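Visitor: I'm new to reading protein models. Could you walk me through a few features?

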Amino acid sequence: AHNIGISIDSDAEPALLDRGIANVTDTNQADMEDDYELMGELLEYLRLLCEGHYLDNQNYLREQSDNLRSFNMLEEVASYLRALQWMINPYTNKAVWNLDVSNADLCHQILRCLVEFVQGNEENQIALAQHQLVFCLNDIFR
């Protein structure tokens with residue numbers, strides 16, 4: 001199993017946890033780069049499932065009605081972007097901006113994936129608009 005270096009700290013400020021901000025763990029840079037590469041490949045796979053406005057796959061990524069438990073992959077990917085952006089410093093318990101050169105490609109891949117999830121699918125657009133993605137994008141553009 002891969003550790004992507006993100007964990008939720010129950011001692012962190014509740015407002016930060018509500019916005020999907022994760023806690024920094026002690027993971028070395030080489031492991032993080034490997035994890036970013038693996039996550040990028042997974043996101044590319046998910047993006048390609050929806051390529052060409054393929055509504056069946058776009059809807060299935062939002063809701064799997066044929067399964068006992070359904071996972072909203074739109075929200076999961078958007079939450080991962082938020083967790084990638086901001087980390088909780090374990091020493092100060094404060095949010096720290098985390099986007100830099102080492103994970104810029106992954107951030108770009110997440111945004112490309114989200115675009116394919118919603119392109120031509122009004123239900124996915126509504127579902128993603130209800131998520132806190134607007135806060136993520138606002139932080140990136142600042």
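Guide: Let's begin with a contact, meaning heavy atoms within 4.5 Å. Here Met73, Leu74, Val77, Ala78, Tyr80, Leu81 and Leu84 in helix 4 meet Leu106, Cys107, Ile110, Leu111, Leu114, Phe117 and Val118 in helix 5. By class, this contact of helix 4 with helix 5 has 14 nonpolar, no polar and no charged residues. Bear in mind that this is a predicted model, where local features need pLDDT of at least 70 and side-chain atom pairs count only at pLDDT 80 or more, while totals for chains, interfaces and linings use all residues. Residues are numbered from 1 along each chain as its sequence is written, and side-chain values use heavy atoms, with hydrogens and water left out.

Visitor: At what angle do helix 4 and helix 5 pack?

Guide: Angles run from 0 to 180 degrees between N-to-C directions. Helix 4 (residues 73-85) and helix 5 (residues 104-118) pack at about 155°, with axes 10 Å apart. That makes helix 4 roughly antiparallel to helix 5 (angles over 145 degrees count that way).

Visitor: How many aromatic pairs are there?

Guide: Rings of Phe, Tyr and Trp (its six-membered ring) pair if their centres lie within 6.5 Å; planes over 60 degrees apart count as edge-to-face. The count comes to one aromatic pair. The rings of Trp86 and Trp97 have centres 5.0 Å apart and planes at 80°, so the pair is edge-to-face. Trp86 lies in strand 3 and Trp97 in strand 4, so the pair ties together parts that are eleven residues apart in sequence.

Visitor: And is Gln64 buried or exposed?

Guide: Buried means under 20% relative accessible area, and exposed over 50% (1.4 Å probe, protein chains only). Gln64 has 7% relative accessibility, so it counts as buried.

Terms used:
Helix = DSSP H or I, 4+ residues; strand = E, 2+ residues; numbered from the N terminus. Parallel < 35°, antiparallel > 145°, perpendicular 65-115°, else oblique. Nonpolar A, V, L, I, M, F, W, Y, C, P; charged D, E, K, R; others polar. Phe/Tyr/Trp six-rings, centres within 6.5 Å; stacked < 30°, edge-to-face > 60°.
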